[in-house]
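Biologist: Hi! Could you walk me through this one in plain words?

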Amino acid sequence: MLLREVQKILDAEVLVGAEKLDMEVHTAFGADLMSDVLAFADSGCLLLTGLTNPQVIRTADVLDIAAIILVRGKKPPPETLRAAADKNIPVLSTKYILFESAGRLYEKGIVGSAQKVDGRRVRL
Amino acid sequence: MKRGLSVPHRKWMGAVSVCEKWLYGNSFPVDGGNFDDAGRVSGRIKTILKEMGIENDVVRMAAVITYESEINIVSYARHGMISLHVLPEHVEIEAVDEGPGISDIRLAMQQGWSTATDKIREMGFGAGMGLNNIRNFSDIFHISSDVGSGTRLKMIIHILREQDR
């Protein structure tokens with residue numbers, strides 16, 4: 001699915017990266033705890049989160065996450081948007097809650113970056 | 001997964017020592033309390049490893065390990081140093097800090113156990129996952145700590161996988 005379609009499904013506002021909406025995405029991970037994102041998200045996945053500080057961008061950058069979807073209508077501070085622009089990571093904001101956002105994307109074919117967690121999940 | 005060092009154990013020698021087997025060696029300072037800067041060193045280490053042509057999952061493991069280590073140093077220590085050494089068969093990462101140390105390492109390694117402040121939790125960390133993530137993303141993990149002096153982590157990631165040996 002194109003990021004453009006993700007934006008449409010979630011009725012999301014593009015805060016950073018309007019020029020990257022034609023990127024393909026297939027998987028997603030959702031959490032507010034960045035340690036869990038580091039442990040379970042994949043490179044190239046969407047990150048759905050309610051956290052808006054610059055650490056979200058740094059976490060996404062460490063993992064080569066494709067794009068960030070801020071849920072629950074969150075609007076990030078300017079330093080987060082600056083960091084996202086620097087790292088060239090698109091940031092979208094949707095008013096849907098995390099559960100709704102995930103459900104709407106899953107219904108259209110986006111799957112989790114992992115289905116289940118079995119303790120030690122590295123070396124895919 | 002094999003535990004214990006699979007390479008001759010070399011004592012930690014600090015930033016300026018030289019080993020002829022190293023393909024790369026460097027140390028990066030991390031300031032305690034500087035939350036705005038957390039992630040800078042892991043970003044650099046990721047770039048260095050990528051440019052060396054190290055395989056993607058090794059880069060990812062190293063990036064996660066150094067990022068969590070940086071968050072720990074920024075969150076709890078006065079000052080720290082993260083060193084990266086790349087050898088033909090493995091990547092070594094050490095995170096050494098001057099700080100309060102950990103009095104009960106077994107407890108600190110327990111998932112969910114944390115002494116994090118609100119500031120740390122606001123950043124999306126401090127849920128007692130960091131040391132676990134570091135251990136889980138390492139092939140070999142060592143932790144030692146002296147209360148009142150600091151904590152030292154040493155992590156090794158094998159570049160050659162079991163099937164390549």
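**A sheet and a helix**

Modeller: Happy to! Let's start in chain B, where B:A95 stands opposite B:L153 in β5(B). Keep in mind that this is a predicted model, in which local features need pLDDT of at least 70, side-chain atom pairs count only at pLDDT 80 or more, and totals for chains, interfaces and linings use all residues. Residues are numbered from 1 along each chain as its sequence is written, while chains are lettered from A and ligands numbered from 1 in the order in which they are written.

Biologist: Which strands pair over nine bridges?

Modeller: Strands β3 (residues 90–98) and β5 (residues 150–158) of chain B, in the antiparallel sense. Strands here are DSSP runs of E, at least two residues, and helices are runs of H or I, at least four residues, numbered from the N terminus. Two strands pair if DSSP finds at least two bridges between them.

Biologist: What is the order of the strands in the open sheet of chain B?

Modeller: The order of the five strands is β1-β2-β3-β5-β4, with antiparallel pairing. β1 (24–31) and β4 (140–146) of chain B are at the edges with a single partner strand each, so one side of each has no neighbour in the sheet.

Biologist: What covers the buried residues of α3(A)?

Modeller: The cover includes α2 (34–40), β3 (46–49), β4 (67–70) and α4 (78–87) of chain A, along with α1 (40–51) and α2 (56–76) of chain B.

Biologist: And how do the axes of α3(A) and α4(A) cross?

Modeller: They come within 8 Å and cross at roughly 20°. Axes are lines fitted to C-alpha atoms, for helices over the stretch in contact, and angles run from 0 to 180 degrees between N-to-C directions. The two helices are therefore roughly parallel to each other, a label for angles under 35 degrees.

Biologist: How many residues of chain A are in contact with chain B?

Modeller: 20 residues of chain A are in contact with 22 residues of chain B. Contact means C-beta atoms, placed from the backbone, within 7 Å. On the side of chain A that touches chain B, α3(A) gives the largest share, six residues.

Biologist: What comes after α3(A)?

Modeller: A:D64 follows, and its phi is positive, near 55°.

Methods: Contact = placed C-beta atoms within 7 Å. Parallel < 35°, antiparallel > 145°, perpendicular 65-115°, else oblique.
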